Amino acid sequence: MLSTKMENALNEQIKNEFSSSFVYLAMSAYCDEQNLAGFAHWLRMQSQEEYGHAMKIFNYIQDREGHVVLKAIPQPESQYGSLVEVFKETLEHEKTISQMINELYALAVEEKDYPTQVMLQWFINEQVEEEKTASDILAQVKMIGDNTSALIVLDQQLASRSPESEDK
Ligand SMILES: [Fe+2]
Ligand SMILES: [Fe+2]
């Protein structure tokens, strides 16, 4: 049985993951408008991945016979100044999410909720990957600067991202 405190915090994280999904979808639309189909595709896949994260917690609450509460998702930005800005925001966003996951883990320790600690370990590993991917792409976008041919190459590379299983 989940404690009320743990259940509330997990429901809040469902909202945060859906909110991430919305942010990446908005960024995808921006890239599509800039004719960067590869970036748009990559961000769309990222949005789907975040949906998967939300559902992972959703399913977990149900497995523990808890009560799922879906909260309102904030409206994401619809305008971005540049690609560099998109990936700066992505990196900052993922750092914030990592912090949230760490706080959830700390609460699970405090509550002596061992199953939730095990479930959250997956997210702790995932956040290491998310921050690395965001900072790698940010570094590349910065390096590219105004070099259009290099930008086209990266756009093509990002176009090859395949949909991931809900585990990723
Ligand atoms: Fe996530
Ligand atoms: Fe990921």
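Of the 168 residues in the chain, 32% are buried. The model is predicted. Keep that in mind as we walk through it.

Start with the overall plan. The chain has five helices and zero strands. Read from the N terminus, its elements run α-α-α-α-α. Along the principal axes, the C-alpha atoms fill a box of roughly 55 × 25 × 25 Å. Now look at the contacts. Take those with a separation of 6 or more: 77% of them join residues 24 or more positions apart.

Next, turn to helix H4, which covers residues 114-144. How far apart are its end C-alpha atoms? They are 46 Å apart. The helix has 31 residues, and at 1.5 Å a residue it should span 45 Å, so the two values agree. Several residues of H4 are buried. Among them are Thr-116, Met-119, Leu-120 and Phe-123. Glu-126 and Glu-130 are buried too. Further along H4, the buried residues include Ala-134, Ile-137, Leu-138 and Val-141. What do the buried residues of H4 pack against? Their partners are helix H1 (4-33), H2 and helix H3 (83-110). After H4 comes Gly-145. The phi of Gly-145 is positive, near 55 degrees.

Now consider a pair of helices. Two packed helices are described by the angle between their axes and the distance between the axes. Here the pair is helix H2 (residues 37-63) and helix H5 (residues 148-158). They pack at an angle of about 35 degrees, and their axes are 7 Å apart. The crossing of H2 past H5 is left-handed. Which residues make the contact? H2 supplies Ala-37, Gly-38, Phe-39, His-41 and Trp-42. H5 supplies Asp-155, Gln-156, Gln-157 and Leu-158. By type, the residues of this contact are four nonpolar, four polar and one charged.

Finally, leave the helices for a loop. His-67 sits in the loop between H2 and H3. Is His-67 buried or exposed? His-67 has 11 C-beta neighbours inside 10 Å, so it counts as exposed. Compare its position with that of Val-23. In sequence, His-67 and Val-23 are 44 residues apart. In space, they are 26 Å apart, C-alpha to C-alpha.

Conventions
Residues are numbered from 1 along each chain as its sequence is written. Chains are lettered from A and ligands numbered from 1 in the order in which they are written. This is a predicted model: local features need pLDDT of at least 70, side-chain atom pairs count only at pLDDT 80 or more; totals for chains, interfaces and linings use all residues. Axes are lines fitted to C-alpha atoms, for helices over the stretch in contact, and angles run from 0 to 180 degrees between N-to-C directions. Helices (H or I, at least four residues) and strands (E, at least two) are DSSP runs, numbered from the N terminus. A crossing is left-handed if the near helix is turned anticlockwise from the far one by less than a right angle, and right-handed if clockwise. Two residues are in contact if their C-beta atoms, placed from the backbone, lie within 7 Å. Ala, Val, Leu, Ile, Met, Phe, Trp, Tyr, Cys and Pro count as nonpolar, Asp, Glu, Lys and Arg as charged, and the others, Gly among them, as polar. A residue is buried if 20 or more other C-beta atoms lie within 10 Å of its own, exposed if 12 or fewer, and partly exposed in between; C-beta atoms are placed from the backbone. The expected span of a helix is 1.5 Å times one less than its number of residues.
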